[in-house]
Amino acid sequence: MTHPSLTRRAALAAALGAGASSGLGVTFLGGAAMAADYSRKKLVVIVARGAMDGLSVAVPFGDPDYLPLRQAIAIPTDQILPLDSTFGLHPKLKTLYALQQAGQARVAPAVAIPERIRSHFEAQDLLETGGAKMYAASTGWLNRTLQAAHPGRPIRALSIGAQEPLILRGPAQAESWSPGGRITPNTNRVAAALMDLYAEDPLLGPALATGLKVEDQANMLNGGKPLGGGDVKAFAVTAAKFLTAPDGPTIAVLSLDGFDTHANQGAVQGQLANRLGIMDDVIAGLQQGMAAQWKDTAVVIATEFGRTAKVNGTGGTDHGTASTVILAGGALRPGGIVGDWPTLAADKLFEDRDLAPTLDVRAVFKGVLVEHLGVDGRLLETVVFPNSRGAPPVRGLIA
Amino acid sequence: MAVDAHALNGAIAVTRFGLGARPGEIEEAARDPHGWLKAQIVSAGADQPAAYPLPAPPPPAKLLIPIASTPAAGPMMGGAPPMGPPIPAPPPFQPVLLSFVPGEPLPTMQAAYRTFSLYQDQTKLAKGDNEARKAAAAPIYQAANEEILARARLAATTPAGFRERWALFWSNHFTVAAKDTPVTVAVGPFEREAIRPHVFGRFEDMLVAASRHPGMLLYLDQVQSIGPGSPTGIKRAGKVGLNENLGREIMELHTVGADAGYTQADVTEFARALTGWTMGGANTPPEQQGAFLYRANVHEPGPRTVMGRLYGEGGDDQARAVLRDLAASPHTADHLARKIATHFVADDPPPALVARLRAAYLKSRGDLSQVAVALISAPEAWAPAPRKFKTPYEYLISSYRAADTAPRDPGKDIINPLSSLGMKPFAAPQPNGWSEMGADWAAPDAVVKRLTWAQGFAAANTPQTPPPDEARSVLGARLTDKTFTTISRAETRPEAFAILLMSPEFQRR
């Protein structure tokens, strides 16, 4: 019998052109990134908050324990969008599936943060600070990336949403934007008075200056029309246009919430399916908005942890461990599943209840930063993800 | 220029501890800032919002036809007659709008539940008819709007701003948010019934009231949790089971905190103890519907061990005993002390202040009036420099207070601006509630949104007081020369008021 993890391993090794005897599901290559022009590259990081159920995103329908564990919330095999003989995507992820078929999307099905935590809030903090442990860092790893990416010539980032997420928080001022602002000539006059008044205010001064600039730009991108908040896809299109604008930021961050499906999770339809539909619309909007620059774009979607392997008593799932990371974008190197599949066999579950992780989420982030943005390997280990030598960058994700 | 300490403390009492100054309030507080605050601590708890009834919206036309008769096809539908035996005509839809009578208390959880249960019946009948479903939900959202407005009007007009802020703190500590339609009707009643009466009582009483309130039981899925070894659990094995959401969040968020050293096993054991805590639903007698109900037949039998303590089988009392010990734990004292200090004084609060609050909690056995007194008495809480950046709700409410007016329209005046600032009322995205950290609310986009809102607000609500006098009245001794000068130079009165609302000292407290 072929163990699913061996299938994964062989497929991945083949995709990466590495020897199948490495014994690792991912190939870790040393050495500096090739000298290349990274100036056109764009990165979108999406934090799926509330613990996204990875087993409903990259559905392991070929794993013999999947159906017995999931029962009523299992996605029926005939509705799954198949990736290979073991995995398929949730039927709501149509855009993602089309991208995968074109070699522009991949999933890593068993990824976790470095510490075993079942608190949403602590786990999100760890995911966003990029620390090896809780409280090891107080700034976000993307903020540190801004400085590390091109020493002396920092790149810029934009947070999409009314609140600034921890992943972008830190000494480098990030831009932020959400729909609904409206600048008038009156605003400009008052704003000028306020800029004076904020001259020595370390919080409000930089925030207002950056905010006004971004708002101006948003209005320009929309042909002068303010954008409403209801249309997810249009929102993602505008977010993408920020990135493609001349001298636009390199990185954008946004959050999707509502993934905490303790009860009535649903399967093909329902609570989780609705959230995944929104996520798929965001991906579609990004692709549309990036237009010609989609080929230079990588999108990474990660969540704080996964959910219990078995359906709970209330048609939902409780806080678990490993979940799925999604990669999409024209910059991706085509390939199969990323990382080992630990299987859902009873003796493989973490603490007898959760999908066990085979890959540290930092390894995926690091792989993207090295290959896509050309972040220096030494800075990656010291500044962006300190104490992460145990999680070497996953190579071969970016073309 | 040396600032008169009394005058400064008056301004701090009203803005840092309270919800911002209404005209004349700082002068009044400055006579005795500590006394002004302490007088707001009353054993009856926080004030209850009073109804400010909105004009009832005209019922949508859709409501006037019996929803379930869709297949019977009146002339409007133009469809074929139904196949098979005739469907008995359902009762025509009668939207039950909860009654919001001026000055009367708002509807109870049980009254709110009746609206929800009607909504459920009608959505079942409406099937796939989206318009009919929307119409059925309208009374629920109308009720939520009434709640949001009543609560904001109380905050905007109360002379006891500290008392209301203290209540809002606890309401956020025990977050119940409108994650779906049933919870939407419960958010207002939850705060009014489980939080407000207990804010100056014993923490344990508030913890028990919050954990047993249908709002919390619905929000954290406890109503669905069934002990696998209970009679119902055995009978419906494989179909029902434990849900550990409430148990986990009580430990992590409401009491001891995530760093208290408990394990997954403790969470599961506590979840087992909590089974049976549920809400009376459609199949219970009317007097139990929408009320807390202990169901022995879903309670997991047997003793439980939580954080090293053994709890004998005690039915309903078993989870209560766990709550009692959680409330008494020094970890809870730590967790609450830090959170209160963070809310009132600084994102990174002085350790001495945290220690004082912790000691007051432990010494008084969780008497929250004593903790409030300790906060008011702590010198660290009166440091002249403001270290808190207002949340959008605090910012909006303090602006209304500065203008000496109150919101009238829940959508335009409250929900829309707060949504665009990332703080939609009754809708905290996660059970840890709204952030207490300034950095979360001062993103560049949020500052621009504040500016555009402040200008619109000032255009509609600028007081007739000369702007420099208005600034002194709103900020007292906290007003800086620089802001004073900028305001004096403004072109128009609304512009001056907008600058006041956007000044660094008004946005902080």
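Modeller: Helices here are DSSP runs of H or I with at least four residues, and strands are runs of E with at least two. By that rule, chain A of this predicted model has 11 helices and 11 strands.

Biologist: What makes a residue of chain A count as buried, and what percentage of the residues are buried?

Modeller: A residue counts as buried if 20 or more other C-beta atoms lie within 10 Å of its own. Buried residues make up 59% of the 399 residues in chain A.

Biologist: Let's turn to chain B. Why are H5(B) and H7(B) called roughly parallel?

Modeller: Helix H5 (residues 130–157) and helix H7 (residues 181–195) of chain B pack at an angle of about 30 degrees, and their axes are 9 Å apart. Angles under 35 degrees count as roughly parallel, so H5(B) and H7(B) are roughly parallel to each other. The crossing of H5(B) past H7(B) is left-handed.

Biologist: Which residues make the contact?

Modeller: H5(B) brings Ala137(B), Ile140(B), Ala143(B), Ala144(B) and Glu147(B), while H7(B) brings Thr181(B), Thr184(B), Val185(B), Val187(B) and Gly188(B). By class, this contact of H5(B) with H7(B) has 6 nonpolar, 3 polar and 1 charged residues.

Biologist: How do you know where to be careful in chain A?

Modeller: The mean pLDDT of chain A is 85, with 85% of its residues at 70 or more. Over residues 1–35 of chain A, however, the pLDDT is below 50, although this stretch has 53 contacts in the model beyond near neighbours in sequence. Where pLDDT is low, the predicted coordinates should not be read in detail.

Note on methods:
Residues are numbered from 1 along each chain as its sequence is written. Chains are lettered from A and ligands numbered from 1 in the order in which they are written. This is a predicted model: local features need pLDDT of at least 70, side-chain atom pairs count only at pLDDT 80 or more; totals for chains, interfaces and linings use all residues. A residue is buried if 20 or more other C-beta atoms lie within 10 Å of its own, exposed if 12 or fewer, and partly exposed in between; C-beta atoms are placed from the backbone. Axes are lines fitted to C-alpha atoms, for helices over the stretch in contact, and angles run from 0 to 180 degrees between N-to-C directions. Angles under 35 degrees count as roughly parallel, over 145 as roughly antiparallel, 65 to 115 as roughly perpendicular and the rest as oblique. A crossing is left-handed if the near helix is turned anticlockwise from the far one by less than a right angle, and right-handed if clockwise. Two residues are in contact if their C-beta atoms, placed from the backbone, lie within 7 Å. Ala, Val, Leu, Ile, Met, Phe, Trp, Tyr, Cys and Pro count as nonpolar, Asp, Glu, Lys and Arg as charged, and the others, Gly among them, as polar. pLDDT is the predictor's confidence in each residue, from 0 to 100.
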